[in-house]
Amino acid sequence: MVRKQRRFKTPSPKKLVGAFLLVICLLFVLFPLLLMAAASFMPEDELARRYLAVLELGREPVLPALVPDFPSLKPYADLFLRSPGFFVMFWNSCLQVLCVLAGQLLVGMPAAWAFARYDFRFKKTIFLLYLILLVMPFQVMMVPSYLVLDRFRILDTHLAVILPGIFSTFPVYIMEKFFESIPKSFLEAARIDGGGEWTIFLRIGVPMGFPGIMTALLLDFFEYWNALEQPLTFLKNKQLWPLSLYLPNVTADNASLAFVAGLVTMAPPVLLYLNGQTYLEEGIASSGIKE
């Protein structure tokens, strides 16, 4: 038998130019990350020599390098073995973020399902208020939130960060779009078979709206993992601070820890993004489509 040879089409000049521009943009984005990874392996003397101006220790020109002259694991040892405050903040971040996400599942999912599948009085008005709260920046809501948390006497506790996050309007908006796209025929068939409202919600709504649920959780994880203003405003005790407040407080005398801590802080969001990229794309596309 004669095998047919595959013919590869030569890419058009427009595609070549587009691919070249994409590669340039990719390198432009990755270059700072590669510099940070390389600096995390630099000893203190080399780090000071290359980044004196950045560390405000001199006016010498910056000499960045992707490969250290004398690689060292001492910055990693200092962070993991001699920096207990880093681990305290790391577990604070895990506690606060995981509690926020768990609370959003318990509160946000039923609220999104109600907006998507039920008709009730003042539904559009309430959802409009949700959208208004969604676009309001934290600076606008900071004083009212502070007064409410102070009245409940939960300032300077983990709950001061967790409770406002649980009742965030953003996950409701994302999940509502997915729940609304579920065909009504599925729900009517389930009701004919004798399924109750909670059964329909758990066995049909949650599985079919799973991409939207994952999208909301991933985006909220990124937001609260990197949150600065909320914990800085509501938490005065540094023992309760999350990991996002560790890097701004790193001084020039231990700048080597900043690069290592930056890599460790960046690892969970990057890993989650790589594993949930499909859900994010579906969620962002669905949130912008109106039937």
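# Legends to close-up views of the predicted model

**View A. L34 lies in helix 1, which spans residues 13-39.** Helices (DSSP runs of H or I, at least four residues) and strands (DSSP runs of E, at least two residues) are numbered from the N terminus. The model is predicted, so local features need pLDDT of at least 70 and side-chain atom pairs pLDDT 80 or more, whereas totals for chains, interfaces and linings use all residues. Residues are numbered from 1 along each chain as its sequence is written, and side-chain values use heavy atoms, leaving out hydrogens and water. L34 has a relative accessibility of 47% and therefore counts as partly exposed; the classes are buried (under 20% relative accessible area), exposed (over 50%) and partly exposed (in between), with a 1.4 Å probe and protein chains only. L34 belongs to a nonpolar surface patch of about 620 Å², to which L26, L30, F31, L33, L66 and V67 also contribute. Such a patch takes residues with over 30% relative accessible area and no salt bridge, joining nonpolar side chains (Val, Leu, Ile, Met, Phe, Trp, Tyr) within 5 Å and like charges within 9 Å.

**View B. The protein as a whole contains 13 helices and zero strands.** Of its 291 residues, 37% are buried. The accessible surface amounts to about 18,800 Å², and carbon and sulfur atoms supply 68% of that area; areas come from the Shrake-Rupley method with a 1.4 Å probe, and for residues only the protein chains shown count as cover. Among contacts (heavy atoms within 4.5 Å) with a separation of 6 or more, 75% link residues 24 or more positions apart. An unreviewed UniProt entry places the feature "transmembrane region" at residues 89-115, 127-147, 159-179, 200-222 and 255-274. UniProt positions follow the numbering used here, feature names are shortened, and annotations may be inferred rather than shown by experiment. Residues 89-115 are 100% helix and 0% strand, with the end C-alpha atoms 37 Å apart.

**View C. T169 occupies the loop between helix 7 (159-166) and helix 8 (170-180).** With a relative accessibility of 10%, T169 counts as buried. Beyond its neighbours within four places in sequence, T169 contacts Y130, L133 and L134. The C-alpha atoms of T169 and G108 are separated by 7.8 Å, although these residues are 61 residues apart along the chain.

**View D. H158 sits in the loop between helix 6 (138-151) and helix 7.** H158 counts as buried because its relative accessibility is 19%. Its side chain makes a polar contact of 3.1 Å with the side chain of Q96. A polar contact is a pair of N or O atoms within 3.5 Å; within protein, one must be able to donate a hydrogen and the other to accept it, and residues adjacent in sequence count only if both atoms are side-chain atoms. Leaving out residues up to four places away in sequence, H158 touches N92, L95, Q96 and L240. In helix 7 itself, the buried residues are A160, V161, I162, G165 and I166. The buried residues of helix 7 pack against helix 4 (84-117), helix 6, helix 11 (210-225) and helix 12 (229-234).

**View E. The whole structure contains four salt bridges.** A salt bridge places a side-chain nitrogen of Lys or Arg within 4 Å of a carboxyl oxygen of Asp or Glu. Side chains of opposite charge can pair when their charged atoms come close. D119 is exposed because its relative accessible area is 76%, whereas K123, at 19% relative accessibility, counts as buried. K74 pairs with D78, and their closest N and O atoms are 2.9 Å apart. K74 and D78 are separated by about one helical turn because they are four residues apart in helix 3 (residues 74-82). K74 is partly exposed, with a relative accessible area of 46%, while D78 counts as buried at 11%. E197 and R191 form a further salt bridge, with the closest N and O atoms 3.2 Å apart. Salt bridges with shared partners also link K74, D78 and R82 into one network.
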